[in-house]
Structures are given as C-alpha cells and as structure tokens.
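This report describes one protein model for a reader new to it. Please look over the sequence and the structure before reading on.

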Amino acid sequence: METRGLIAPGIGERQASDAIRDLAADMFGIGRWWHNRIVRAGPNTLQPYQENPPDRVIGADDIAFCDFGPIFEEWEADFGRTFVLGDDPAKIAIREALPVIWHAGREWFETHPDITGDELFAHVVELSREAGWEFGGTIAGHLVGQFPHEKIAGDQAGNYIMPGSGEPMRRTDRTGRVCHWILEVHLVDRDGQIGGFHEELLDIASTTG
C-alpha cells in the first residue's frame, strides 16, 4: 500500500479502498471480505466502525486509517493501520501511540489467564487515558474464526471485547474450537479533529508492531 502510493493526497477514501481491494486480489487472490472495507481520513477518523461518514478526499497534510477484514480459505482476518501524510506532530503522535497501547493491552491479556472481554476493554480504555488520549470505540476488539464466526460463537456480547462481555476470553466456541481474538485500539483527539486506528490478531504468535 505504501510503496504503491495508495494512501496519497488527492485520492478519495472509496477510491483508495477499491485500489487496496484490487491489490489484495492481485497479490493474494483475495476475493471476499467478511466486513466492510474502511479507509477514513481527516475528521472521518473520529468515527467508529459502525458509522458511515461521507466520502472524503485525502489531503496533503492528512491522517488516514485503514481497516480490512479479508477471508483466507474460509478463515477471517482483520488488520488496521494508521498513516500520516506530512509532518504534523499531533498526527504523528497519535500514530505512534497506537501500537504502544496495543502492545500494552496484549501484554495485559497474556499475563491474565482468566481475563474477560469486559476487563480487557476497561484496561485498554485506561491505557489510552493514561497516555493522554480518548478511546474512540465502543469495543476494543472481537472474535475471528471460520467464516462466519457469528454463527459459531453464540452470545452476542461475548463476541466482543466490550462492557458486559463477562465470559473468559480463553475458551472454546459452541463447536469446540478455540476462540481467537482481534485487539483494536481507536484513539481520538476531538479538539484536533483527528483519530487513529490499530488492530491485529491478539492471541497467536508474535506481532510486527
């Protein structure tokens, strides 16, 4: 995405999303996505996943994030990253804070074997606050699995890292498969009208940062 300049000034959010879709098809043969592809820039980065702000053209000194959920051989993936165009220190600060908070959340998950979705959500929100940011999402992640995971997982609240998700995250689903999780961090600066987003697989192997 970066080397091909798909997130660049003058490109619309939907145009960028379509270009990334085509790149994924060319490089990996991806033809299906289990949730809406999202590219958001500028003030649109304040909006959580469930919102649908008007398409916006990326500016020369902008911040943008991507959120994609491709399907690989009937298994769901999910990945989000933030990009800064230009050298605005506030935008750079939010981009740099995202992986730090993400890894701190992952460390908390790893050291608390019986943690619930409710507890991890509260901790990630507190990590964000301590770092000087507002947490912008209503959830801090969700289950992924064999597509579609919602038909396998059971209780709706239990599918998410959110308030009211009281089951241990380390468990099996109704079919006996181990539950796997995406951890996501959405930080916002409402005064500056910017936000950033970072997500990846929480509970398997190492991460890239």
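Which residues form a nonpolar patch on the surface? Met 27, Phe 28 and Phe 72 do, and together they have about 330 Å² of accessible area.

## Basis of the model

This is a predicted model, in which local features need pLDDT of at least 70 and side-chain atom pairs count only at pLDDT 80 or more, while totals for chains, interfaces and linings use all residues. Residues are numbered from 1 along each chain as its sequence is written, and side-chain values use heavy atoms, with hydrogens and water left out.

## The surface patch

A patch is made of residues with over 30% relative accessible area and no salt bridge, like charges being joined within 9 Å and nonpolar side chains (Val, Leu, Ile, Met, Phe, Trp, Tyr) within 5 Å. A salt bridge is a side-chain nitrogen of Lys or Arg within 4 Å of a carboxyl oxygen of Asp or Glu. Accessible areas come from the Shrake-Rupley method with a 1.4 Å probe, and for residues only the protein chains shown count as cover.

Phe 72 belongs to strand β3 (residues 71–72); helices (H or I, at least four residues) and strands (E, at least two) are DSSP runs, numbered from the N terminus. Phe 72 counts as partly exposed because its relative accessibility is 38%. Buried means under 20% relative accessible area, exposed over 50%, and partly exposed in between (1.4 Å probe, protein chains only).

## The nonpolar cores

A nonpolar core is a set of buried Ala, Val, Leu, Ile, Met, Phe, Trp, Tyr and Cys residues joined through side-chain atoms within 4.5 Å. The largest one has 26 residues, and Met 169 is among those with the most contacts inside it. At least two residues of this core come from each of α2 (89–110), α3 (117–130) and β8 (180–189). Six residues, the largest share, are supplied by α2.

Beyond its neighbours within four places in sequence, Met 169 is in contact (heavy atoms within 4.5 Å) with residues including Phe 109, Leu 120, Ile 161 and Trp 181. Another core lies apart from the largest one and has 18 residues, including Ile 7 and Ala 64.

## A strand pair

Strand β1 (residues 38–41) points Ile 38 and Arg 40 one way and Val 39 and Ala 41 the other, and all are buried. β1 pairs with strand β2 (residues 63–68) in the antiparallel sense over four bridges; pairing requires at least two bridges found by DSSP. Ala 64 in β2 is the bridge partner of Ala 41.
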